[in-house]
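The sequence and structure come first.

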Amino acid sequence: MKKILITGANSYIGTSFEKWLLQWQEDYFVETVDMIDGIWKEKDFSEYDVVFHVAGIAHVSADTKMEGLYYKINRNLTIETAKKAKDEGVKQFIFMSSIIVYGDSSHINYKRVIDKSTVPKPSNFYGNSKLQAEEGIISLMDAKFKVVVLRPPMIYGKGSKGNYPKLAKMAQKLPLFPNVDNQRSMLHIDNLCQFIRFVVQNDESGVFYPQNKEYVKTAELVKLISEAHGKRVRLTRLFNPALKLMGNFVGVVNKAFGNLVYEKSMSEYKEDYRVRSLRESIRVTEVERREI
């Protein structure tokens, strides 16, 4: 039996992973510790095989007053937790980083493909705090202390935040939606949880880039969401010329229709962790969202 400590109470990914492992209750023992106060420093980590560190500030902020907090939580707290785990004999430390370490730029007018040779280049203090945390914990790695860094793209599913729920609302209301031929890497929460389970079970170390098997086209995503609610949205290329022009000046256009993907071979693994296809993941997500 693997004993896992999730550091970061009530996080979307942490709680989802804990629920996912209920399918294999005889194989895993999971506990969670809150990182908001300093009580976690008194907790004995030595009884756990794995520490899964999900505590952190998860979204980009343009408020420069927040910069110090990002480094305090995303970098300093991560490194401090990893050091404690190592000192107390934990065998494996898993850190949730993000594709954001490569910068958050995507554009409607050109494709951006991240491959193994792409050098991380954060464009904000959120991405930089994640990258510095990675560097700090990787330096702790040795034969007895394995470190796993996960750099997923946008994660979605029941209870997820960010762009997906905004897009889902639009998909249920708009009769027309622009049919732009863009590509995005995304990752359904169930696929992520299965990947983490394999990482734990196989005692992995290193940097990993899990993503769905299929790239996502925004228009196709909206269509699938609409269909999951028994509705139909009409896709049109009528607005494409204007959107491509606006992409040079308006950030929200690139956020919605930009291109940003991991090269597919980066995300392959020796076991198949993609338990949900894109279509199935949207259906499951929208059914579960209606039940909230």
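Ser-160 lies in the loop between β7 (154–156) and α4 (163–173); helices (H or I, at least four residues) and strands (E, at least two) are DSSP runs, numbered from the N terminus. This is a predicted model, in which local features need pLDDT of at least 70 and side-chain atom pairs count only at pLDDT 80 or more, while totals for chains, interfaces and linings use all residues. Residues are numbered from 1 along each chain as its sequence is written, and side-chain values use heavy atoms, with hydrogens and water left out.

With a relative accessible area of 9%, Ser-160 is buried (buried means under 20% relative accessible area, exposed over 50%, partly exposed in between, with a 1.4 Å probe and protein chains only). Not counting residues up to four places away in sequence, Ser-160 touches Tyr-12, Ile-155 and Pro-165, where contact means heavy atoms within 4.5 Å.

Ser-98 is found in the loop between β4 (92–96) and β5 (113–114). Ser-98 counts as buried because its relative accessibility is 11%. Beyond four places in sequence, its contacts are Tyr-126, Leu-150, Arg-151 and Pro-152.

The loop between β4 and β5 also holds Asn-109. At 35% relative accessibility, Asn-109 counts as partly exposed. Leaving aside neighbours within four places in sequence, Asn-109 is in contact with Lys-244 and Asn-248. Asn-109 and Lys-65 are 44 residues apart in sequence and 33 Å apart in space, C-alpha to C-alpha.

| Side chain | Backbone atom | Distance |
|---|---|---|
| Ser-160 | oxygen of Gly-157 | 2.9 Å |
| Ser-98 | nitrogen of Ile-100 | 3.0 Å |
| Asn-109 | oxygen of Lys-244 | 2.9 Å |

The helix pair is α2 (residues 67–87) and α3 (residues 125–138), whose axes come within 9 Å and cross at roughly 15°. Axes are lines fitted to C-alpha atoms, for helices over the stretch in contact, and angles run from 0 to 180 degrees between N-to-C directions. α2 and α3 are therefore roughly parallel to each other; angles under 35 degrees count as roughly parallel, over 145 as roughly antiparallel, 65 to 115 as roughly perpendicular and the rest as oblique.

Residues of α2 in the contact include Tyr-70, Asn-74 and Ile-79, and those of α3 include Phe-125, Tyr-126 and Gln-132. Tyr-126 is also one of the residues touched by Ser-98.

Note on methods
Polar contact = N/O pair within 3.5 Å; in protein donor to acceptor, adjacent residues only side chain to side chain.
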